[in-house]
Amino acid sequence: MDTIISYLDNMFAALPKTAQMQALRQDLLASMEDKYYELKQEGKSENEAVGIVISEFGNIDELIEELDIAVEGEELRLPVLAPEDTWSYMAARKKSGFMVGIGVMLCILGPAVLILLNTLAEFSFLRGLISGDAASILGVVILLMLVALAVGLFIFSGMMLETYKYLHTGFNLPEYLRAEVRHRSNAFTSTYTLSLVMGVCLCVLSPVPVIVWSVINDNAAAYGVVILLAMVAVAVYLFIYYGNIKGSFSFLLKEGEFTREKKEENRIMGNAAAIIWPLATCIFLISGFVFGSWSVNWIVFPVTAILLKVINSVYNAAKEK
């Protein structure tokens, strides 16, 4: 009977989730059960009984034609996701979020290390032991090593999710799986909310160390910048890691940013980010190496994030008009 129930779930996966459809499913299941037990009493084997029941009750196309139900043909041709594929996809998204989060943290901490070494060589215990130029070179080397490690994590993360690329062309989730995914999503909501609150608080409080160090000693303000970048790095990790887990639920349930309209918006914003972020990085490096403004040019990154948010708001406003 489990095979028949799974078959029935797959039949109704693309149909409207209405009370009429649920009642129809129950009636059809009752009829299939009666036929199944009748065949078993006649001496049919398990496989024979299941095969006869499924063949006699037709397929979903015949059901839709008979009931004159309006369902997009494309949705009916989409593959039905199996339980093992569903849970392995969620596990892969979780691992991917961890690696991407760590990679972004490393990219943010790289400039922090560079600023810290320059400050220590100029004002603290490294003064006299290492020149400012040597400290800058060492800081750049460490920065590049961290970025290289981050890029490796990004590539490995992308390769891990490549297996599930076919899901982006569309899929149907059986009702029993959809209910389980929704249950897990609801249970995860409190954890996601807590991570979001912690990340926002870290971002809001991140300028405090700069202000405090500036009051104590103007020459030590760079230490505050280092702490600021570290706090932002942790906040970004929380956003990415827990956001990725939340995104896997939304993707499977086709909610939020994974609705058809939101996918188009994400595609456009992704193209914009692919251009703007490399430009911001170039501005950061040029202003640092050419003009020596390592202590202030970090502001290019939050400004870039704000710029992308403005572009997103403009796009949504234009789309509504």
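Residues are numbered from 1 along each chain as its sequence is written, and side-chain values rest on heavy atoms, with hydrogens and water left out. Because the model is predicted, local features need pLDDT of at least 70 and side-chain atom pairs count only at pLDDT 80 or more, whereas totals for chains, interfaces and linings use all residues.

The protein chain has a mean pLDDT (the predictor's confidence in each residue, from 0 to 100) of 80, and 79% of its residues reach 70 or more. Helices are DSSP runs (H or I, at least four residues), numbered from the N terminus. Confidence is lowest in helix H5 (residues 73-76), with a mean of 48, and highest in helix H8 (residues 175-205), with 91.

Helix H10 spans residues 221-253, 33 residues in total. From first C-alpha to last, H10 reaches 47 Å, close to the 48 Å expected at 1.5 Å a residue; the expected span is 1.5 Å times one less than the number of residues. A kink of about 25 degrees in H10 is centred on Asn-244, the bend at a residue being the angle between axes fitted to the seven residues ending there and the seven starting there. Of the 33 residues of H10, 24 are buried, so the helix is largely enclosed by the rest of the structure. Buried means under 20% relative accessible area, exposed over 50%, and partly exposed in between (1.4 Å probe, protein chains only). Just after H10, Lys-254 has a positive phi of about 55 degrees.

Leaving aside neighbours within four places in sequence, Leu-252 is in contact (heavy atoms within 4.5 Å) with residues including Leu-81, Tyr-89, Phe-171 and Val-181.

Two salt bridges (a side-chain nitrogen of Lys or Arg within 4 Å of a carboxyl oxygen of Asp or Glu) are found in the whole structure. One joins Lys-165 and Glu-162 at 3.9 Å, N to O; Lys-165 is exposed, at 52% relative accessible area, and Glu-162 is partly exposed, at 48%. Glu-180 and Arg-184 form a salt bridge at 3.1 Å, N to O, and both lie in helix H8, four residues apart.

Definitions and conventions
Helix = DSSP H or I, 4+ residues; strand = E, 2+ residues; numbered from the N terminus.
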